[in-house]
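Open your viewer, load the model and keep the selection tool at hand. We will go from stop to stop together, picking out one element at a time.

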Amino acid sequence: MSAAEGPLVVGVDTSTQSTKVLVVDAATGRVVASGQATHEVSTGAARESDPRQWWDALGEALHQCGDAAREAAAVSIGGQQHGLVTLDARGEPVRPALLWNDVRSAPQARRLTDELGGAEFWAERTGSVPTASFTVTKWAWLAEHEPEAARAVRAVRLPHDYLTERLTGVGTSDRGDTSGTGWWASATESYDDEILARVGLDPALLPRVARPGEVVGTVRDGNGLPFAKGTLVAPGTGDNAAAALGLGLRPGTAVLSLGTSGTVYGVSRRRPTDPTGTVAGFADARGDWLPLACTLNCTLAVDRVASLLGLDREAVEPGTSVTLLPYLDGERTPDLPHASGLLLGLRHDTTAGQLLQSAYDGAVHALLGALDRVLDQDADPSEPLLLIGGGARGRAWQQTVRRLSGRPVRVPEARELVALGAAAQAAGVLTGEDPAAVARRWNTARGSVFDAVERDERTLERISGVLSDAAPLLERGPERG
């Protein structure tokens, strides 16, 4: 390892499938070491994972970083949002964590919305209308379907909270991740007693919400991780808020993140309240807001279509009039938790490459449908969309986003933006800087810009029409049809 110009910091991205670690020079943003280890996730309707895997993966990834991790002065955890981690009196998981893409709590989401004043109440109170992704609905599902497990719970955490607490021994969270639970009131930035009472969750089981920039503790001795004694621990945050930090995002710039899920978001100084439920009114990790729309089906769903067709993911062909809604895991935007994929317009002359392109179109259509709602009213529509995530470097993804958005696209060179954002937060607790300013100093958003092309209104209108006509069928789902 070459000499660093400043102190070293560690940024962690504990995502659905794996944990990634970066050791970063806080002065320059140079990544001096990295590591990665995978997790197991159940398949089918239940999407669950044992939180202890995340801790083991964190240790494995850190050990891959060698001496650099031992030299780090601060660490921060960025984590997958919404997951319900339930712990017993010994701090051990009561059961596997219910992950964000477990949609079994869709009936509880509808019932909670109806019982507590409807969508307008939830949007104004929490900033978001709950869907099956939200933690509050998962707790309601657990209390209804596994009451003995619910009674055994002595602490409720989010995924990043769980790892942070194992580092420090103290239960803390942050406003960015907590704002995605459904039991945090965005207007008062506090836990909502009425909502917690409705779902039977004692607020004493929840972690303290740390302030942005706060040091929440130091790494404990004897945990087997290669940190020096006294290493500072930052609050951490949810993955999207961490990526926003990693980009040094300013208000008005839109981000499209193409991963297992797809997200579109931007920083705003206005507290979001969207009663349609399209936009989740999340907080960011700094003190502003992060209005966000999320789809459940993005790169994984399109890759599955490519696999079924026996094609490489880039083997798209133009000229299709086929519509494919790739809702393979149900869908969150639009809110169709029981939906499956839908194909319309197949002809004798339809090629496999055209079918694959229609899957890309269906996935991007869902994200772009929320773009105008997400962007701050002062946003410049000519500014490039920032394209990030695993799909961002795919030619087919880039071309589809350009064609359906009609906007220029920038693809940042930096790859692990969640971990970089966590590292910027860790650097901020060392220096007292705004972590987004740290990321801008690191120039993390630098990357290639692709010019705008004419917007494909015809395809957008066709997909919108099919979605509108098929909505009753999609709401029922294949088992109910």
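**Before you start**

This is a predicted model, so local features are given only at pLDDT of at least 70 and side-chain atom pairs only at pLDDT 80 or more, while totals for chains, interfaces and linings use all residues. Residues are numbered from 1 along each chain as its sequence is written, and side-chain values use heavy atoms, with hydrogens and water left out.

**Stop 1: strand S1**

Select residues 8–14, which make up strand S1. Helices (H or I, at least four residues) and strands (E, at least two) are DSSP runs, numbered from the N terminus. Is S1 enclosed or open? Seven of its seven residues are buried, so S1 is largely enclosed by the rest of the structure. Here buried means under 20% relative accessible area, exposed over 50% and partly exposed in between, with a 1.4 Å probe and protein chains only.

Three residues separate S1 and S2 in their hairpin.

**Stop 2: the seven-stranded sheet**

Next, show the open sheet with strand order S18-S19-S17-S16-S22-S23-S24 and mixed pairing. S18 (280–283) and S24 (447–450) each have a single partner strand, so one side of each is left without a neighbour in the sheet. Neighbouring strands are turned by 25° against each other on average, direction ignored.

Zoom in on S23 (residues 409–412), joined to S24 by four bridges in an antiparallel run; arginine 410 is partnered by valine 449. Then select helix H14 (residues 395–405), which packs on the sheet and touches S16, S22, S23 and S24. Contact means heavy atoms within 4.5 Å. The direction of H14 makes about 155° with that of S22; axes are lines fitted to C-alpha atoms, for helices over the stretch in contact, and angles run from 0 to 180 degrees between N-to-C directions.

**Stop 3: a loop and the cores**

Pick alanine 152, in the loop between helix H6 (147–151) and strand S8 (155–157). At 35% relative accessibility, alanine 152 counts as partly exposed. Leaving aside neighbours within four places in sequence, alanine 152 is in contact with Leu87, Asp88 and Val94.

Move on to valine 156, whose contacts beyond four places in sequence include Trp139, Trp183 and Leu201. Which residues have the most contacts inside the largest nonpolar core? They are Trp139, Val156, Trp183, Leu201 and Tyr265, in a core of 61 residues. Such a core is a set of buried Ala, Val, Leu, Ile, Met, Phe, Trp, Tyr and Cys residues joined through side-chain atoms within 4.5 Å.

Notes: Pairing = 2+ DSSP bridges.
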